[in-house]
Amino acid sequence: MPGAEPPARPSSERPAPGRRRFLGYVLAAPTLMTAAELASAAPARADAPSAGIPSADITELVDLNDVMSAAALPTSGLITVQVHADETVSFALPRAEVGQGITTSTAMLIAEEMDVPLANVRVTLADARPELVFNQLTGGSNTTIATYTPVRVAAAVARGRLLEAAALVLDTDVTELTIGAGVITGRAGRSTTVGALAERAAGLRTQQVSTELKRSEQFNVIGTPQSRIDALDAVTGRKKFAMDLTVPGAAPTMVCRPPTINGRVGSVANADEVRAMPGVTDVVVITTGVAVRARTFGQCIDAVRALRVSWRPGSAEGKSDETVRQELAAAELPLGLPPLTPSVEGRFTFHFRSNSALETNCAVADVRSDRAEIWSSLKAPIVAKEAIAARLGLPLSAVTVHVTEGGGSFGRKLFFDAALEAVEISRKTGKPVKLMWHRADDSRQGRTHPMATSRVRIAYVGDTVLSFKQRHTSVATDLGHGFGEIVTALAAKLPVADLGFSETFFQLSQSMPYNFGVSSRLLNETDKGFNTGSMRNVYSPDVTCARELMIDKLASKTGKDPYRFRRDFLKDERSRAVLEKVAEVGRWGRPMPDGTAQGIAFHSEYHSASAVLVEIDCRPGTVGRSVRDGVTGPRVTKVVLAVDAGLTVNPRGLDAQMMGCAMDGIALALTSSLHLRDGHFLEASWDNYFYTRQWNTPPELEIVIMPDTTGRPGGAGELGVAASMAAVACAYGRATGTMPTTFPINHGTLSFEPKPTTPPVPQSPTDGLDHAY
């Protein structure tokens with residue numbers, strides 16, 4: 001995750017008050033609390049003019065990340081850094097670590113400002129803290145942007161207090177002290193350690209102090225490649241996820257779920273019989289199905305298989321890919337009358353995609369008459385706590401929500417459906433439960449990226465683009481997590497208000513990086529019968545893919561090179577720099593055999609920019625190859641991805657993020673989708689949900705991290721997916737001579753036939769339980 005410190009300027013150029021200063025507060029005990037940044041400004045860059053008619057865009061003034069950062073600012077002073085006698089420094093991060101590496105980048109910020117060894121910094125995840133309001137939501141690549149300054153301020157205040165205490169112990173002036181690797185040295189070589197000073201440095205009263213942060217040229221940790229601080233625990237199995245916790249009395253629990261999306265239990269024919277099975281302790285009907293609690297998960301699986309349940313229709317009863325496509329077509333907003341000038345136009349369809357993380361949905365809950373305690377990987381824990389308290393009729397203070405580390409998310413864990421289920425089951429059984437969804441649950445009843453269509457029209461005259469219009473129509477995206485607290489979460493679910501919330505989200509997250517004259521984009525949503533969510537990059541992959549394909553089409557119409565066309569119309573030098581870099585490194589325009597081609601695409605979001613160059617092989621020998629238990633088709637043979645995300649806190653972490661973005665983009669363009677039939681999704685696990693496989697991973701993959709030129713942090717976690725998907729699509733179009741209009745490209749070639757089953761027949765209409773178990 002990236003973060004940036006504005007570059008130092010000559011003193012003559014510095015604005016009042018002459019240097020960056022901050023407020024901090026020291027609390028009793030070795031805990032230091034900081035307030036928000038008072039003054040910082042990055043000098044504006046003068047960009048060379050680009051071709052085209054300038055396009056105004058709201059994201060150039062304020063984007064979704066700006067809104068999230070501003071919302072978090074008032075409570076940023078409530079975060080604390082603690083110094084301990086054992087020489088360690090700890091920090092409870094009010095965000096969720098789900099594999100993106102934010103605990104490592106946060107530890108680096110603290111180690112940098114305190115001059116302590118990185119190995120001595122312990123970053124844990126904070127419990128739900130309603131007093132933080134908007135400051136405990138993990139999403140939108142906002143973590144490092146929003147916490148970059150407050151965490152550093154807290155660490156710098158702690159460092160200052162330690163130096164003051166050391167001056168007394170070593171009988172010297174603070175200005176004569178140096179600190180390094182957690183050791184403070186004074187005159188004549190006398191020294192002490194931060195651990196030895198922890199108690200003495202703690203304040204006995206709250207007081208206002210000032211501090212100064214390090215300048216970027218002083219950095220020794222920030223910007224250096226670091227391995228994850230949890231890497232050893234992860235590979236040795238010591239890392240603890242929700243299912244690894246030992247909570248007294250919490251027994252394995254699973255749910256028998258309906259065969260169609262959001263179906264409900266009608267009746268259970270053999271509850272007593274299943275209750276008598278080995279190891280089973282409880283069988284209860286809940287809102288979403290029939291829950292089984294047992295001594296082991298294996299016994300839960302046996303019991304779920306044995307249940308005979310009659311189901312009521314779900315919210316997508318009878319629907320299929322084709323019926324949803326027809327709904328979308330009927331809901332499309334008009335593009336208006338055709339222009340009098342030449343134009344290019346296209347319509348694109350994007351199918352449902354699974355938002356199932358590597359770690360299945362799970363939660364632990366212990367509900368008593370007067371209190372409740374929950375453990376789960378939650379990216380919106382405040383909403384979860386407030387919703388659980390309301391459902392149980394308990395005061396907020398009686399509900400404790402612990403945030404555990406998660407094995408993946410990219411939007412999935414913004415929703416706390418597993419926690420709500422675990423709470424309901426624990427209350428009905430009167431016992432603690434350890435609930436785990438199986439893989440088919442996640443694929444069929446979990447969160448999906450909604451099916452959508454996108455229409456684009458670009459009007460032009462000669463070499464000038466006059467206007468760009470895009471109308472994006474989507475199955476409704478559930479943004480019910482709001483901005484991380486209950487008020488906006490409820491507003492996002494209210495009829496009519498939810499569309500306004502989605503439109504706001506859409507407009508603040510989508511950018512127009514080209515000077516394409518009069519530019520407009522509109523979102524319309526329909527059909528709330530599906531469980532959707534803010535999958536990685538949310539609207540951007542589909543919107544950007546459609547835009548970039550149409551740019552390729554326009555370039556072809558006007559006889560322009562696709563790379564040169566984009567470069568000429570990009571608005572700013574920073575954007576042109578990443579595009580130029582991938583063209584240079586990827587050798588854009590090199591001779592390619594027939595049936596193969598290069599594709600290039602650009603995407604900007606959250607004060608960051610990315611460009612991707614792809615090479616693809618669509619020759620018959622490649623497309624028609626045989627792959628065991630896989631889906632064949634075009635193969636991406638090379639990816640070059642350049643990203644400018646400001647000053648990068650941990651280049652190694654950003655490199656890994658961008659690798660994941662490239663794999664996501666390949667999957668979204670070529671193979672990865674859900675097939676809807678008769679109100680249920682056919683895919684049930686990774687064996688038939690075709691995410692990018694090893695055989696479809698490009699043999700050549702290069703990530704280029706651009707040097708910081710902005711003087712401010714930018715987002716990166718969601719950035720490269722859209723450009724990667726678009727580049728693959730553009731490469732496919734150039735290799736085959738036919739622009740793709742349906743995604744993933746292989747969606748229509750896949751077929752699913754139920755495998756033979758032996759009694760008892762699974763509750764799913766296909767072979768979901770066989771896949772899941």
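Select F743 and everything around it: leaving aside neighbours within four places in sequence, F743 is in contact (heavy atoms within 4.5 Å) with F348, T349, F350, H351, C545, L549, L668, A669, M725 and A729. This is a predicted model, in which local features need pLDDT of at least 70, side-chain atom pairs count only at pLDDT 80 or more, and totals for chains, interfaces and linings use all residues. Residues are numbered from 1 along each chain as its sequence is written, and side-chain values use heavy atoms, with hydrogens and water left out.

Buried here means under 20% relative accessible area, exposed over 50%, and partly exposed in between, with a 1.4 Å probe and protein chains only.

Move to helix α3, residues 143-169. At 1.5 Å times one less than the number of residues, its 27 residues should span 39 Å, which agrees with the 38 Å between its end C-alpha atoms. Centre on T149 to find a kink of about 30 degrees, shortly before the proline P150; the bend at a residue is the angle between axes fitted to the seven residues ending there and the seven starting there. Of the 27 residues of α3, 22 are buried, and just after the helix D171 takes a positive phi of about 55 degrees.

Now select strand β17, residues 362-367, where six of six residues are buried. C362, V364 and D366 point one way from the strand, and A363, A365 and V367 the other way. Strands pair if DSSP finds at least two bridges between them, and β17 runs antiparallel to β20 (residues 433-436), joined by four bridges, with K434 as the bridge partner of V364. Four bridges also pair β17 with β18 (residues 372-376) in the antiparallel sense, E373 being the partner of D366, and these two strands form a hairpin with four residues between them.

Finally, show the whole chain, whose secondary structure comes to 20 helices and 31 strands and in which 60% of the 773 residues count as buried.
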